[in-house]
Each structure stands twice: as C-alpha cells, then as structure tokens.
Amino acid sequence: MGRKMRLARTDSSAEPKHKPAAFFANQHTVEMSKVSGAGEEKLKVLALHGYRQNADSFKSKLGSFRKMLNKYVEFVFVSAPHPAAPLEAGGGEPDPNQRSWWFNKDDRTFKGTNQGGPAYGFDESLRLVERTWQAEGCHGLLGFSQGACFVGLLCDLSARGMTTMKPQFAVVASGFRSGSLVHLNYYENKVQIPSLHIFGETDEIITKDMSEALAETFLDPEVVTHPGGHYFPAQASLKETYVDFFRDQLQQHLEAKELQNATEENSFHLEGQEEAEESALQPAHEGLQNGSDSDSD
C-alpha cells in the first residue's frame, strides 16, 4: 500500500515553484490565513460518530482533539437517524442516545466484522448527511468506527458523482470497509482526495488489518497508528501531525478559492470589455448603413 507516515512537522510555509498568474494578486492575504491562521475563515468538517454514539457524545469525546485544531477547523456534529437496539436481547426499549447509521445484521444490529448482510437504514442516513452537508457548507469529512466506514462510502459515492457532496479531504479513525452486500462494489476505484487514517495497534473491535484495508482504497493515504485500542487518540504527541494535516487542507482550500475568485473576476472583466467594444462599434455600423441608404435614394 502506498501509505505515507508524517511524524515530523513539514515546512508548510515553503511555496511551490510555480503558481498560476491569477493567484499572485491576493497571495499575501492567502498566506496570512493559511499559514499563520490569522484569517477568520476555517474549514468546516462534518463529524460522523460511531455505533451507539450520538452527536453530543462524540463531540465530548473529541474535546481535546477539537481544542488542538480550533484555529483551523469548525466541526459540525450530527446524530444518526436510527436508534440502536438494546445491548442485551430482550433488554427493553432502545436507548434514544445510542444511534446507528445503518444495520448490517438481520436482527437490526450492527457489527463491523459482519460480511454479506443487509444495510437497513443506509439511504435515510445518506439523505440526512447530504442535507446537513449542504446546509452547513462543509469542506471535509471525519468519522470514527461506523462513522469512519460511512466516510469511506461517502468518498466513493462522491468520486462516482452519486451524491451532491464533494468532500475535499477525509479523516478516518478506526475505519473499515463495509461488508454489506450493497456496498461491495464501492471499493473498485481508489479515492483520490487527501486522507488521514488513524487506528490502534491493539484495537480488538476494528482490527488493524481492517483499517489498513480501508486505507488502501485511497490513492495516497496518510496513516497514523497508536499503541492503544478502539478510541480516537488526542495525546500531545499527535498534535503536530493533526495540525499539519488540517493546516495543509486549509491552505489548499484558500488557494483554490482565491484562484477561482481571480478567474471569475477576470472572466467578468473580459465580458465587460467585449460589451464595451460592441457598443463602440454599433454607432459606426449604423452610420455606414445610413450612408448607403442615402446613396440609393
């Protein structure tokens, strides 16, 4: 697998040798925002929780992680639409705080290792996430466990033009490939957006090889491992890696935005110039027509 590990901080202030000419007019403003974080604009990242979690519990679990990235990222949390079944069979009513994006077993539960099962409720979750993405104006995706599996599916759908979502990057923690029958053809082509894959060496719920298999579906995945189990790590030793990744994505987003604005402005000026030239030629053209009519009289 073409994985890359970035354990040391890279010099993100170093500029590429070649840039489009339209970009230079606003280069200083972009540099201030993308490198120092001085600009007000942040990335918006849609965060998808794991099985039996919800938006609030996932937000709480990511407290330290969010604090690390507050300068660069605003996270948007949404709860899955389906209540998860009670932990114990016949254990009474489902806990409304425990949610699921879909169910891959006939008893309407979910297990990451299950293969060949259904995907009950997936379409409803897809519509909910699409609506949230559009309403919030998000730029990237982040997911943990079942949410990370969902992120992988969403990236594939986007690459094939089968969803309105166009994520610019993805962060996948304890991710895995969906084993549902309807999802088996989702992994035929590699996803080409930047991706960061995080997983534990001793995770017994979603094993290392499962997370590696999902990472392999991305063209150039960046992989970060930790010695622990099934959780989203936020220790200080990983701060630099996280900051580097999101700062790079913000830099690319701002550069692309400035280039698009410059291109649109240039197009506007060209259209205005063409209209002005047409207006200037019109009286002369009319004069020639009038002169010709006089000669014929």
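**Figure 1. Arginine side chains over tyrosine rings in the predicted model.** In this predicted model, the charged end of R177 sits over the ring of Y187, at 5.4 Å from its centre. A further arginine, R160, lies over the face of Y186, and here the distance to the ring centre is 4.8 Å.

**Figure 2. Aromatic pairs made by F169.** The structure holds 19 aromatic pairs. The ring centres of F169 and F245 are 6.2 Å apart and the ring planes stand at 80°, so this pair is edge-to-face. The pair links distant parts of the chain, 76 residues apart: F169 belongs to the loop between α5 (146-159) and β6 (170-173), whereas F245 belongs to helix α7 (residues 239-296). F169 counts as buried, at 1% relative accessibility, and F245 is buried with a relative accessible area of 2%. F169 also pairs with F246; their ring centres are 6.0 Å apart and their planes lie at 90°, so this pair too is edge-to-face. Because F169 lies in the loop between α5 and β6 and F246 in helix α7, the pair ties together parts that are 77 residues apart in sequence. Both F169 and F246 are buried.

**Figure 3. The aromatic cluster around these pairs.** F169, F245 and F246 are among the members of one aromatic cluster. The cluster also includes F58, F65, F75, F77, F144, F232 and Y242.

**Figure 4. The largest nonpolar core.** In soluble globular proteins, nonpolar side chains tend to be buried together. The largest nonpolar core of this model has 37 residues, and L46, L48, W101 and W102 touch the most other members. Two or more residues each are given to this core by β1 (43-48), β2 (73-78), α4 (122-136), α5, β6 and α6 (208-215). Helix α5 supplies the largest share, 8 residues. When residues up to four places away in sequence are not counted, L46 touches V76, V78, V129, T132, W133, C138, G140, L141 and L142. Apart from this core lies another, of 29 residues, with A47, M68, L69 and F246 among them.

**Figure 5. Strand β6 and its two neighbouring strands.** In a regular strand the side chains alternate between the two faces of the sheet. In β6, A170 and V172 point one way and V171 and A173 the other way, and all are buried. Strand β5 (residues 140-144) runs parallel to β6 and is joined to it by 4 bridges; V172 in β6 is the bridge partner of G143. On pairing with β7, β6 again runs in the parallel sense, over 4 bridges, and the bridge partner of V172 in β7 is H197. The unit made by β5, α5 and β6 is a right-handed β-α-β unit.

Figure 6. Strand β7 (residues 195-200) is joined to β8 by 5 bridges, and the two strands run parallel. L196 stands opposite E222 in β8. From β7 the chain crosses through α6 to β8, in a right-handed β-α-β crossover. Strand β8 (residues 222-226) is largely enclosed by the rest of the structure, because 4 of its 5 residues are buried.

**Figure 7. The buried residues of helix α6.** Which residues of α6 are buried? They are M210, S211, E212, L214 and A215. The cover over the buried residues of α6 includes α5, β6, β7 and β8. An α-helix has 3.6 residues a turn, so residues three or four places apart point the same way.

**Figure 8. Two residues with positive phi.** S174 has a positive phi of about 55°, although it is not a glycine. This serine is found in the loop between β6 and β7 and, at 1% relative accessibility, S174 counts as buried. R108, likewise a residue other than glycine, has a positive phi near 60°. R108 lies in the loop between β4 (99-100) and α4. With a relative accessible area of 43%, R108 is partly exposed.

How values were computed
Residues are numbered from 1 along each chain as its sequence is written. This is a predicted model: local features need pLDDT of at least 70, side-chain atom pairs count only at pLDDT 80 or more; totals for chains, interfaces and linings use all residues. Side-chain values use heavy atoms; hydrogens and water are left out. Rings of Phe, Tyr and Trp (its six-membered ring) pair if their centres lie within 6.5 Å; planes under 30 degrees apart count as stacked, over 60 as edge-to-face and the rest as tilted. Buried means under 20% relative accessible area, exposed over 50%, partly exposed in between (1.4 Å probe, protein chains only). A charge sits over a ring if NZ of Lys or CZ of Arg is within 6 Å of the ring centre and within 35 degrees of the ring normal. A nonpolar core is a set of buried Ala, Val, Leu, Ile, Met, Phe, Trp, Tyr and Cys residues joined through side-chain atoms within 4.5 Å. Contact means heavy atoms within 4.5 Å. Two strands pair if DSSP finds at least two bridges between them. A crossover is right-handed if, with the strands pointing away from the viewer, the path from the first strand over the helix to the second runs clockwise.
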